[in-house]
Amino acid sequence: MSRLSRDEVAHVAHLARLRLSDEELTTFTEQLGQVLEHAADLQSLDLTGVPPTAHPFELRNVVRPDVVGESLDPAEVLDAAPDAEDGRFAVPRILGEDL
Amino acid sequence: MSAIDLAASVRRGEVTATDALATALRAIDARNDELNVFLHVDRDGAEARARAVDDAVASGRDPGPLAGVPVALKDNLCTRGVPTTASSRILEGWRPPYTATVVERLVAAGAVPVGKTNLDEFAMGSSTETSAFGPTRNPLDPERVPGGSSGGSAAAVAAGMAPLALGSDTGGSIRQPAALCGIVGVKPTYGLVSRYGLIAFASSLDQIGPFATSVADAALCLEVIAGHDPRDTTSLPEPAPALVDHLDDGVAGRRVGLVSELVEGADADVVAQVERAAAALEAAGAQVVRLSIPELRLGLSAYYLIAPAEASSNLARYDGVRYGRRVAADELGAMNEATRTLGFGDEVKRRIMLGTYALSAGYYDAYYGQALKVRTRMIEAFRRAYEQVDVLLGATAPSVAFRFGEKTANPLAMYLSDVFTIPTNLAGEAAVSVPFGTGEAGLPIGVQLLGPGRSEARLLAAARVLEVAS
Amino acid sequence: MKSGWEMVVGLEVHTELRTATKLFCSCANEFGAAPNTHVCPVCLGLPGSLPVLNERAVEMAMSIGFALRCTIAPSTFHRKNYFYPDMPKNFQISQYDLPINSSGYLDLPDGSHVGIERAHMEEDTGKSTHLGASGRLHGAERSLVDYNRAGVPLVEIVSAPDIRSAAQARLYVAELRRVLIATGASDGRMEEGSLRVDANVSVRRPGAPFGTRCEIKNLNSLRSLQRAIDYEADRQIELIEDGGTVRQETRHWDESTGVTSTMRVKEEAEDYRYFREPDLVDLAPDAAWRDRVAAALPPMPGVRRTALLQHLVDPTDAQREAVEVVLDLDLDRYVHGAAEAGLDAATALARTANEVAGAEDGADRLSVEAFIGTLRLEASGQLSATQAKTVLADLLAEGGAPEEVVARRGFTQLASDALDGIVDEVIAANADEWSRYRDGDDKLAQFFIGQVMARTRGQANGKAVVEILRSRRG
Ligand SMILES: [Mg+2]
Ligand SMILES: [Zn+2]
């Protein structure tokens, strides 16, 4: 399937934090290519001037008052964490940049 | 016993909620090992709820319209303290610290949640085969799928394990399993039912709805769960509509459109039942016209770009940091990757990658952007159709329940199971699947009634006509 | 800055909003609480949770828009997708192609004008603590995350690339900070991180097209901002003069070493996959809502500065500085009150910027009437400058009316009756000086004032002394 290359699938997998074996890469490239091939019917349409619809409704300005409500019990929250220390969620060292 | 009759009996003190629960638990115990319907049965929680309902009745308080009715919940609905997995390894063992609005409303109406039902992982599938915890079997033929993604909830009702169940419908995940299991399923108008506490698959498409053995039970359940919720910004700003009161409105004078694109490619037995349903509606006083809405053919492609795009973002939070499972690694990125790689099944990975691709720089306009425009076209096409007719009629699924493994090798073949249900989700409108006749191997067939937003009362009245005629 | 070169700077300022709750949930927006005590399903990104927009945050964002003369337009929210453990959902809800505020400007005290491209709403991230090594990320063994700050409302204010020097950048941030504080939307605290600045810096030969820019992060103070921009511009110029080219990248400012270093180059930049946030609806404040917010806004520092300077003829640098003090502490009413009462504005400004500004919370007790009354007593000669300052100090400490302080301190007696006698005593004791003064040596007035002051321990009014001297001279 020419719509999608192995490299593109590998890149997308990285963006999505998924690791694929060589075999999976082959299978997924083929399967995703088929779906995109099916979606080719959309690409051939001339939809210039048609506005996009991201929401199937017309609601606007839905807001809540700025009033403090209840938060969760930190003990319960941290109990659900795979790793916690000192009232905080713990993660292994971060390679990459300071943000 | 129907949910309506059961609740009435409980309210009158003729049946206790505890007995009703015991009946449900017996049915679950009898077949759950075989069918794999419930991932978790909350016996203690349910017994406590049932006792509370009985106490209320004993002390003269009305427990509500669903008094003592056991309800099965799709396991993508958060329930405080009760394991909630979305049928994914990545959430195995997670107990939410809060409860979904719909579940709160059921409980406030006297219902008794009995447990959490199996689904396709994160609701991504049409057969319940993508569940990390094994497939659910169709109670009518255990060699076949119950449909999906709400296969567990449909099977629970079909197997008599609970009179009512909740599912979620993103592209047909209530209607298609309802059709394959021979029960009623409703996909409400987007925004009619709060999504707060529903583990998101595709936020702009997801909608919670009921499964029931009768149209009246489905109507009552929907009345209970519908209505504005300030915790869901996309929820419609109005109270639940009156549905039960309109069940016997009939279809006299209604214009019904039999849509060629909603039977195209369906098996002959399915097409035959849709034709028979059209005749039944006509016999009840409706005027049936045949029409074509070519835009509906674009639904599948648009859906398989929009839904994965939203899903790729919704599922990014499963990273092993705050909750759920973690696969250890000595560095954060590797931990995230190992957790997600082992935590998600192939179908979920496929959709995450598809959605990531559709949104990524350079492809957005060609895929996701184009799909959003098709969505506009779809909405306009439906609007034009509803200028001519009041209700649209078609098949729910292209075939009766299929066999395990039949469509797992080819994702696209599986996706085609939802070809008739997807357009309603893209348009944010309402649809009902109601059992109507049988087909191959005596298996049930569902026909689908579609209407514009907020047309649930009209659709349920039409479904009731078919229910009676069936 | 090396001659023959020009720097081009644009600033991105993130300000936390002073709402009671977070942007999309009702957890308290409070700095300094115990970790993970202000978290809920929404701001922790738990499965099934949904955001609901904070009305007050929208109003504060609009206030900032009005203050920066922006167009306030219908807007939408998008998701910015990237993985980072501080971000509970691994996407940030932000505004993208349709921000609430766009195309405004800010006038700086030096008369320059900086365009504002946009000022949009978004949510803050949580906060990581890096364990091991130096507390910096690099070399840390493990990081701990607190999500109290996750979901706190932010407005990101993006300037046009109109800034041409590090000093101007500093002036811009200082003035923007004043504006943000004035709107009530921000507390402006850079050290607590409630105001954060990133700088985009490039260099060019004057008149040439824009050069390649670098974005500098970690600018925690006005001083860092100014130093980092100067360093970065010099670095780029040197690079180009040595035949190199500037690479578009994000750089980290290190305050201790005074240099910027590469954090990530553009090719490594994430593909954010922005798309419309499907869980939120469009925001389109109607005219009535916008008008209500605009009407509630106090005058902005620029307008107030102009009004204060209007009272002065050819203001000196010291007076301009005094005006800034008055603006920062919100003491304009004293200067305007005195000027409108016909009193000397320069004196009123000096008394306000020194005495009033110097007393902590004193302005709570000193009424404008009491301030004017004190200055009037000083102007009429009933109080000396020193006495007037003493009266103000008492009023700032205890409140009340100046007449009460004057009576309690006995300043009235001295001013009206006793002073004549004291001047006569001084004349008598300094006959030689007196005869020279009487013959027209006006410089000696200072000598007599000094003598009178010594005898009254500074409580006499200099002008009144001169008048008595003149009357004795005949
Ligand atoms: Mg930003
Ligand atoms: Zn919160």
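How many salt bridges are counted between chain C and chain B? In this predicted model, the count between the two chains is one salt bridge, and the pair concerned is R195(B) with D279(C), whose closest N and O atoms are 3.0 Å apart. On the side of chain C that touches chain B, the residues divide into 20 nonpolar, five polar and five charged. The contact itself draws 30 residues from chain C and 38 residues from chain B, and about 2600 Å² is buried between the two chains, with 60% of that area on carbon and sulfur atoms. Across this interface, 17 residue pairs are found in polar contact, with both residues of each pair at pLDDT 80 or more.

The interface of chain A and chain B was examined in the same terms. Here the contact comprises 51 residues from chain A and 62 residues from chain B, and the two chains bury about 5100 Å² between them, of which 67% lies on carbon and sulfur atoms. Four salt bridges are counted between chain A and chain B; one of them joins the side chains of R80(B) and E76(A), with an N to O distance of 2.9 Å. Polar contacts between chain A and chain B number 16 residue pairs, again with both residues at pLDDT 80 or more.

As to the secondary structure involved, the elements of chain A that each give two or more residues to the side touching chain B are the helices α1 (6-15), α2 (22-38), α3 (40-43) and α4 (74-79), together with the strand β3 (88-92). Among these elements, α2(A) gives the most to that side, with eight residues. By residue class, the side of chain A that touches chain B divides into 35 nonpolar, six polar and ten charged residues.

Because E122(C) belongs to strand β7 (residues 113-123) of chain C and E156(C) to strand β10 (residues 153-159) of chain C, the pair ties together parts that are 34 residues apart in sequence.

Notes. Residues numbered from 1 in each chain as written. Chains lettered and ligands numbered in written order. Predicted model: local features only at pLDDT ≥ 70, side-chain atom pairs only at ≥ 80, totals over all residues. Heavy atoms only, no water. Contact = heavy atoms within 4.5 Å. Buried area = accessible area lost by both parts, 1.4 Å probe. Polar contact = N/O pair within 3.5 Å; in protein donor to acceptor, adjacent residues only side chain to side chain. Nonpolar A, V, L, I, M, F, W, Y, C, P; charged D, E, K, R; others polar. Helix = DSSP H or I, 4+ residues; strand = E, 2+ residues; numbered from the N terminus.
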